[in-house]
Amino acid sequence: MADHYTTEARDLSRALRAMHKALVGVEMSGSEVDASPHPGAYAQMQRLLHDPSLEWLKPLSTLIVELDHLLSELGDLDAVHAAEVRGTVEDLFGPSDPERRHGLEHAIGNLTAEHPEVAMALGDLRRALSALPERTQPTKPEAD
């Protein structure tokens, strides 16, 4: 088992960015930001920041920024931090176990069925996530 998970965490960051890009692409392709068929980057950014219908994307944006900040602060990511990162992503998207899915993945369920780029990004995200150690759950003390 590796002592450091920096490379794996950077791969996860790239996968999160690809997921964000796929989701934004889907959302922007069906939008009426302005009269032009392809709104500019500024119009898209303004919509992402201020449109209440896109509020559900903000936790993903925040997670990407927080992960990149953690990687720049720590340098090498140890197993404890890597497991916490994995747990945070699973809290947002739901665990890999199909029986326990929840969170943002539930919200994008229809998008994965209708948009192959979102499904592929989710698969890449799951692969990157699986390279990190699982977060250990605290054990409850046995009752006397």
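Tutor: Helices (H or I, at least four residues) and strands (E, at least two) are DSSP runs, numbered from the N terminus. By that rule, Leu122 lies in helix α7, residues 116-130. This is a predicted model, in which local features need pLDDT of at least 70 and side-chain atom pairs count only at pLDDT 80 or more, while totals for chains, interfaces and linings use all residues. Residues are numbered from 1 along each chain as its sequence is written, and side-chain values use heavy atoms, with hydrogens and water left out.

Student: Is Leu122 buried or exposed?

Tutor: Buried means under 20% relative accessible area, exposed over 50%, and partly exposed in between, with a 1.4 Å probe and protein chains only. Leu122 counts as buried because its relative accessibility is 10%.

Student: Which side chain makes a polar contact with the side chain of Ser13?

Tutor: A polar contact is a pair of N or O atoms within 3.5 Å; within protein, one must be able to donate a hydrogen and the other to accept it, and residues adjacent in sequence count only if both atoms are side-chain atoms. Ser13, in helix α1 (residues 6-29), makes such a contact with the side chain of Asp68, at 2.6 Å. Ser13 also counts as buried, because its relative accessibility is 6%.

Student: What follows just after α4?

Tutor: Just after α4, Gly94 takes a positive phi of about 100°.
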